[in-house]
Amino acid sequence: MSRLVVVSNRVPLPSERGAKAGGLAVALADALQPGSLWFGWSGRRSARGGGTTHIQRADSITYATVDLSEADYNSFYVNFANGALWPLLHFRLGLLDFHVEDYAGYRAVNRQFAAALVPLLRPDDLIWVHDYHLIPMAAELRALGVTNRIGFFLHTPFVPPEVFYALPRAPDLLANLCRYDVVGFHTRGYRRAFLDCVAQGLGVHPDSDGRFVWSGRPVRAIIDPVGIDADAFSEQAVKASRGNDARMLRDSLGDKALAIGVDRLDYSKGLSNRFVAIGRFFANYPQHRKQISVLQVAARSREDLGAYQRLRRELDRIVGETNGKYSEFDWTPLRYMTRAVKRDTLAGFFRLARLAIVTPLRDGMNLVAKEYVAAQDPDDPGVLILSRFAGAADELPEALIVNPYDADEIAEAMHHGLSMDLAERRERWRSLHKNVCTNNAHRFCTLFLTHLARADTQPERPSLRAIS
Ligand code: ADQ
């Protein structure tokens, strides 16, 4: 059997797990068999940058990491990946800040990563690259003579041509994305957008299965929604709901209900709009005052970027206004904390919450929505409010689907969720839960790796020749 090599920007090192253990480590846990290799950035900045590869082993998995120099960190990670690509892929052209020297830095770091990875590779390794930081990895590996099957999964949305081509150097970036054997997206819409960009910008016309030929090699675009380990999360939730943190939260609420939001502190997550909507909820439905508190956990993220610093100030202001207006001496409507919370603690909090408010303005998938569903008590489940612009909305139509820009609609959904009878809550939850269990982390990995293992690496065959 081929060895799996995972490549991602940040490697979740076993020594650093805890509050930070995020979606990727969980989603891939199943695929990482003993012997697998995980390669990427160490998360450290050092004067020499990527000169040395650090190797750690845990549970028979090898973690190989490189450092970044300060200059590379700024151009590759802060400025291009998070200052240009992230806003672009979340439809936020107003925040796109492109500088050609940052794009050069992005390409250079991908080249460095490829050069550091090549000596660790074996001829039949399956290489699975993750996310927008590393789009040019396949091209760089190919330039160094790597002929292995290489797949790429994009965790963000993909945008239609009229948005994508606003990025200077977009054709170069897209041509690089087409150097993979398999390119995976969460939803049909994202794959459609990618294929439209391919057709428009590269003059190549993919078939109805998302296949086309680029640079003499077949490429296949697939739909593969990321999932969670629903059973494990559910168990964690049951256990944690009896633990200390959950007890303290319950005690602090008294007889009031809990609504919860859990996100990275990112403008894509729609937190400003959500906080305004929470104020609107207490204004439009005064009967819920003193009956429910909203807890928003917002882990600080990408604080080097001005857009994130501005967002934090704006959120501080809205929280202050909302609490100033509606608080009573014995009740705070909106509890807001700007740090990560441990995964098992969160699972327990999700189980306590009558409502989850998941209202990103755009989100590749949103695993919080799935985690909330998995954490519920089947006999007395809570209600999920979900943005129509999260990838998860495609799979979870039985949630209360809202437009995250519409404060009144979110407020109404909160009221609806709190007033919903038990029979309806159970019925909706059963459908949601079925989906979360079916489209789980195991299925996500198996589907991708099956496609990758079977990828046709032969040079152009007549049936796949580009029709232009
Ligand atoms: P993220 O934007 O980070 O991921 P999301 O899917 O919501 O978004 O969360 C990933 C993980 O982080 C989840 O397990 C969640 O519980 C955890 N998390 C989020 N906020 C947290 C907090 N405040 N404290 C502790 N843990 C927190 C990107 C894409 C998403 C896509 C994932 C996976 O932006 O759209 O769902 O990758 O593909």
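Trainee: How many residues does helix α7 have, and how far does α7 reach from its first C-alpha to its last?
Mentor: Helix α7, residues 188-202, has 15 residues and reaches 20 Å, close to the 21 Å expected at 1.5 Å a residue. The expected span is 1.5 Å times one less than the number of residues. Please note that this is a predicted model, in which local features need pLDDT of at least 70 and side-chain atom pairs count only at pLDDT 80 or more, while totals for chains, interfaces and linings use all residues. Residues are numbered from 1 along each chain as its sequence is written, and side-chain values use heavy atoms, with hydrogens and water left out.

Trainee: How are helices and strands defined?
Mentor: They are DSSP runs numbered from the N terminus: helices are H or I with at least four residues, and strands are E with at least two.

Trainee: Which residues of α7 are buried?
Mentor: Tyr190, Arg191, Ala193, Phe194, Leu195, Cys197, Val198 and Leu202 are the buried ones. Buried means under 20% relative accessible area, exposed means over 50%, and partly exposed lies in between (1.4 Å probe, protein chains only).

Trainee: And what covers the buried residues of α7?
Mentor: The cover includes α5 (161-164), α6 (170-177), β7 (182-185), β8 (211-214) and β9 (217-223). Contact here means heavy atoms within 4.5 Å.

Trainee: Which residue takes a positive phi just after α7?
Mentor: Glycine 203 does, at about 65 degrees. Most residues other than glycine have a negative phi. Phenylalanine 91 is not a glycine, yet has a positive phi of about 65 degrees. Arginine 302, also not a glycine, has a positive phi of about 50 degrees.

Trainee: Where is arginine 302?
Mentor: Arginine 302 is in the loop between β11 (292-299) and α11 (306-326). Arginine 302 is buried, with a relative accessible area of 16%. It lies over the face of tryptophan 86, at 4.1 Å from the ring centre. A charge sits over a ring if NZ of Lys or CZ of Arg is within 6 Å of the ring centre and within 35 degrees of the ring normal.

Trainee: Where is phenylalanine 91, then?
Mentor: Phenylalanine 91 is in the loop between α2 (70-89) and α3 (100-117). At 28% relative accessibility, phenylalanine 91 counts as partly exposed. Arginine 362 lies over the face of phenylalanine 91, at 3.8 Å from the ring centre.

Trainee: New topic: how many aromatic pairs are there?
Mentor: The count comes to 33 aromatic pairs. Rings of Phe, Tyr and Trp (its six-membered ring) pair if their centres lie within 6.5 Å; planes under 30 degrees apart count as stacked, over 60 as edge-to-face and the rest as tilted. The rings of phenylalanine 158 and phenylalanine 194 have centres 5.6 Å apart and planes at 85 degrees, so that pair is edge-to-face.

Trainee: Are phenylalanine 158 and phenylalanine 194 buried or exposed?
Mentor: Both phenylalanine 158 and phenylalanine 194 are buried. Phenylalanine 282 and tyrosine 326 form a tilted pair, with 6.2 Å centre to centre and 40 degrees between the planes. Phenylalanine 282 lies in helix α10 (residues 271-284) and tyrosine 326 in helix α11, so the pair ties together parts 44 residues apart in sequence.

Trainee: What is the strand order in the open sheet of six strands?
Mentor: The order is β12-β11-β10-β13-β14-β15, with parallel pairing. Two strands pair if DSSP finds at least two bridges between them. Strands β12 (334-337) and β15 (400-402) stand at the edges, each with a single partner strand, so one side of each is left without a neighbour in the sheet.
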